[in-house]
Amino acid sequence: MQGEAWTTAQPYDFYVALAYAVRDLIVDRMITTQRAYHERDVKRVYYLSLEYMLGRLLRNNLVCLGLWDDCRTRMTGLGLDLDALCEIEPDAGLGNGGLGRLAACYLDSATTVGLPFMGYGIRYEYGIFQQDIVGGWQVERPDYWLCFGSPWEIPRPEFACPVRLYGHVEPGADARGRYRPVWRGYRTVIGLPYDIPIVGCGAGNVNILRLWAARAPETFDLAAFNRGGYVEAVREQALSETITKVLYPSDETDAGRELRLVQQYFFVACTLSDVIRRYEKTQDNFDAFPDKVVVQLNDTHPALAIAELMRVLVDERGLPWERAWELTRATFAYTNHTLLPEALERWPVPLLRHVVPRHLEIIFEINRRFLDGEVARRWPGDARRRQNLSLVEEGPVQTVRMAHLAIAGSHHVNGVAALHTQLLRTRVVPDFAQLWPEKFINVTNGVTPRRWMAACNPGLTRAITKRVGDGWLRDLDQLRRLEQFADDAEFQTEIRAIKRENKQHLVGGLQKRTGVALSPDALFDVQVKRLHEYKRQLLNLLATVIRYHRLLDDPDGAAVPRVVIFGAKAAPAYTRAKLIIKLINEVARTINQDKRIGDRLRVLFIPNYGVTLAERIIPAADLSEQISTAGTEASGTGNMKFAMNGALTIGTLDGANIEIRDAVGPENFFLFGLTAEEAAARRPTHDPWKTYYGHAAVRRALNAIAGGEFSPREPTLFRPVLDWLTRNGDTYLLMADIESYLAAQARVDALWRDPAAWTRAVILNIARVGYFSSDRAVREYAEKIWHAAPALLAVGETTPPT
């Protein structure tokens, strides 16, 4: 494939050659799997997500194929280092955080349990930005992950499909006199699919992630070129390919907002065209469509798919509106991922009219029939309910509420943790929950143990397998059998040795990158996640400053040595988050250079946090910081990954933290802070000044931040931080929770001083996290929402059974 002799090949050539060799094995299974699905005429699950954080695939594929150890031996025999080859692969950052990583976990698990499952997304040329830290500030660089192509993707030009954009709608009628509008003056873009095979663990199934790239119908205008219009000659190509150029273009400008909307419609139009094409290979009409197709919307980004399916069924296939709506509702399901009102998507009506004029008409008609029908029958004359439930929000500029469209057009709506689903029903969309109580259910998130244990923590994997066998990789509940070893001295010693080895592995890379000396014997206190104020990295940092001041006041005290590790990306236009990153780096610089405290406290901000870095950091963590304000985090999945790898959690009763605490035992979880109900009750009367004046250590830390202790050259740089937490109302209740958080951190220190008790808690965390496998989650989706049955193939099955 590379056209190189062995003697002249470079490491990249060896990586590509090995990846293609592995892909050959996978493609055989993929072809067999897809043929089996077709011959069995199964119901298929189509998962629509604008984000997929896949991570590197070579290691994970080898682990799932059961070939990692054999491949390592053979590579060593050839004089090659398999770990080094895996490091060459780019990290495909086709997402912004947990949403995309969850989608990747569900791809893995659906394939492992044998579900006929296909993921759809966008083939962004530039993924989530590369983060550099320059002078303490975040600087974004483009992430061109496709610079040299990818050996895992397979172009499928035979399935390319045209997509119409812009233009206008003219009234029309069909032969029966029914309203059939005509879309005119549109611009056409071609969607070109690329397939990435997804390998199951211990099964013969290989499912597909299909990513769409935008192309122009004609890439080169020869006539314009010959006239000397060299730029004009490729103008159409440039405009079309811009659609899939970048993940989440900035919505700070009108052009950025328009491009986001175009991306979303391009994505759903391509996907539904592909889904319908596949369906019509075996069916003559749409009567069986919901029996053979279920479409899961991963958040509101693909919600335009509801209007697009209605357009296809009514305008192109000639179905009556009522029948088309019945089929549409029976096809879609929607997962909500946020409790923050500002995160629920709304699109301005003028922008929708400009980009997708026919779809706006369809949304207005869905809304009219919904309000005059189901809402009016349930609550006749109730103007408030009508306003709350309307898909269209009135204001200076009308907007379409995409979450409302997704709820109205789906047969099920699910939250992703028990608390999240409860608050979704009672706080976010209570009127919808009263109208359709049976529609709202919970499916708590999960993560795949293949990537997040077997691939990233081989030492722990071997230790577990030695005691309970290897069946736990496909049935994580089998970890429960580890409970009997919680007090076993030999197992405790082995667990501590594995953790220390993981920390040494991480330390080696961090010291080269930062120049900061770290001890693997210190407590590694880790908070790595997207930077947002509600996730409260600032609370962690405030406690770290307080710890620093205490060390200065009592330099001879018996403090527990700590390494506090942050990793986070801030959205490019999120100025507060970027100032917090700057503050973290300045606090780290000050503390790490202060010889008075020795090595008892170190603070690190690790740049460019992503899946690959997470695979190194999580196995090395001792303490997992899950400290969002109660009632703000939908679920979280990092909390699950840390617990699986033997980190104890310090956290609030938020998201899936509640279920993790219930599973591992309250005594093995460091709880603090207000509950969601207490936080809601506290906000109207919250007085942050009371904490400021009543807690000397907090006041000293905030004054140090605001007064320039960590920014002597710019003394007022961090003055806004004090204002956020006092004068501006302390939106996320840091000042309400700080005392409780400090008390929980004191309990952490106390338990760390007792290695046997700490390790016992670690083992019980690992043993009791079986519920948080994404295998369990996709089985719940299949049973409760998708009503889809597995079509499991045995490994080596070449002729699918009938």
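I began with helix 31 (residues 734-752), which lies across strand 20 (523-528), strand 21 (562-567), strand 23, strand 24 and strand 25, and which runs at about 155 degrees to strand 25. Helices (H or I, at least four residues) and strands (E, at least two) are DSSP runs numbered from the N terminus, and angles run from 0 to 180 degrees between N-to-C directions, with axes fitted as lines to C-alpha atoms, for helices over the stretch in contact. This is a predicted model, in which local features need pLDDT of at least 70 and side-chain atom pairs pLDDT 80 or more, while totals for chains, interfaces and linings use all residues. Residues are numbered from 1 along each chain as its sequence is written, and side-chain values use heavy atoms, without hydrogens and water.

I then traced the sheet, which is open and has six strands in the order 22-21-20-23-24-25 with parallel pairing, where a pair needs at least two DSSP bridges. Strand 22 (601-605) and strand 25 (669-671) are at the edges with a single partner strand each, so one side of each has no neighbour in the sheet.

I noted that helix 26 (residues 657-664) packs on the sheet and touches strand 23, strand 24 and strand 25, contact meaning heavy atoms within 4.5 Å.

Lastly I checked the lining of the second largest pocket by element, and found that helix 21 gives the largest share, eight residues.
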